[in-house]
Amino acid sequence: FVHVSYLRPHPPFFAPEPYNTMYDPEAMPARTRAATADDEGRQHPLLELLVHHPYLAAPTDDDHLAQLVATYHGMQSEVDDQIGRLLAHLDATGEAGHTIVVVGSDHGEQLGDHYLLHKLGYFDESYHVPLIVADPRAGRDGGRGRVVQAFTENVDVTPTILDLIGGDVPLQCDGRSLRAWLEGTTPDDWRDAAHWEFDFRDPDGQFFEQAFGL
């Protein structure tokens, strides 16, 4: 079992060559947001604070923001290439045919959408993250290439891996195995919602000091 964790893409937004110039800032799509930060903030009192927070609000300069987005995409491509190296090694060593590969992410990035940066808010950009599971072993290709739109969560990853290798899923696991989706079937009793919480704990006090003037 090998677990590989890539810090990128992640603040600070810097990419090495050639990824730093791989994407043209002028070609970046417009951000998803209201006409002004104030208009965006009227959705919810918490959002009203976040869109003006000095560390959490997106850059107000459009050129700066466009460069940030382009750099982020460069960091994504960097990670994509590194994952490609791992997959190429599996092919070269003959291990690909019986290796389960799981690619996922812990959270998204607002990138200026809704006037925010980082993983804040109740928006798709923060919590709609990729999850790719490939089990190439014989008889496991019933769901090959399938795109699942149902609600899945990162807590499903551990039960899925254990189920695929014939292990026992501990009772303390909150998630459920995704094996049925991989085999081409659909569970009858799958969840119809996913839940998350916003943790207001502030160990160093800076967030509330900046946001609320305390």
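A search of the whole structure turns up 3 aromatic pairs. Keep in mind that this is a predicted model. On the charged side, the count comes to 9 salt bridges, and there is also a patch of negative charge on the surface. Here's a quick tour, starting with the rings.

**Aromatic pairs**

- Phenylalanine 13 and tyrosine 72 make an edge-to-face pair, with 5.9 Å from centre to centre and 65° between the planes.
- Buried or exposed, what are phenylalanine 13 and tyrosine 72? Both of them are buried.
- Another of the pairs brings together tyrosine 122 and phenylalanine 123, and this one is tilted: 4.6 Å centre to centre, with 35° between the planes.
- Tyrosine 122 is partly exposed at 33% relative accessibility, while phenylalanine 123, at 8%, counts as buried.

**Salt bridge between arginine 8 and glutamate 78**

- As background, side chains of opposite charge can pair when their charged atoms come close.
- Arginine 8 and glutamate 78 join their side chains in a salt bridge, at 3.2 Å from N to O.
- Arginine 8 is in the segment before helix H1 (37–41) and glutamate 78 is in helix H3 (residues 62–93), so the bridge ties together parts 70 residues apart in sequence.
- Arginine 8 has a relative accessible area of 32%, which makes it partly exposed.

**Salt bridge between arginine 179 and aspartate 163**

- Arginine 179 bridges to aspartate 163, and their closest N and O atoms are 3.3 Å apart.
- Which parts of the chain does this pair link? Arginine 179 belongs to helix H6 (residues 179–182) and aspartate 163 to helix H5 (residues 157–164); the two are 16 residues apart, and the pair links distant parts of the chain.
- Arginine 179 is partly exposed at 24% relative accessibility, and aspartate 163 is partly exposed at 25%.

**Salt bridge between arginine 176 and aspartate 189**

- Arginine 176 and aspartate 189 form a salt bridge, with 3.3 Å between the closest N and O atoms.
- Here the link runs from loop to loop: arginine 176 is in the loop between H5 and H6, and aspartate 189 is in the loop between H6 and helix H7 (206–212), 13 residues apart.
- Arginine 176 is partly exposed, at a relative accessible area of 33%.
- Aspartate 189 is exposed, with a value of 54%.

**A salt-bridge network**

- Which residues are linked in a network of salt bridges? Glu153, Asp156 and Arg191 are.

**Negative patch on the surface**

- Asp24, Glu26, Asp61 and Asp63 gather on the surface in a patch of negative charge.
- One of these residues, glutamate 26, has its place in the segment before H1.
- Glutamate 26 counts as exposed, with 77% relative accessibility.

Notes. Residues numbered from 1 in each chain as written. Predicted model: local features only at pLDDT ≥ 70, side-chain atom pairs only at ≥ 80, totals over all residues. Heavy atoms only, no water. Salt bridge = Lys/Arg side-chain N within 4 Å of Asp/Glu carboxyl O. Helix = DSSP H or I, 4+ residues; strand = E, 2+ residues; numbered from the N terminus. Buried < 20%, exposed > 50% of the residue type's maximum accessible area, 1.4 Å probe, protein only. Patch = residues over 30% accessible without salt bridge, like charges linked within 9 Å, V, L, I, M, F, W, Y side chains within 5 Å. Areas by Shrake-Rupley, 256 points an atom, 1.4 Å probe, with all protein chains shown as cover. Lys, Arg positive; Asp, Glu negative; His and termini not counted. Charge placed at Lys NZ, Arg CZ, Asp CG, Glu CD. Phe/Tyr/Trp six-rings, centres within 6.5 Å; stacked < 30°, edge-to-face > 60°.
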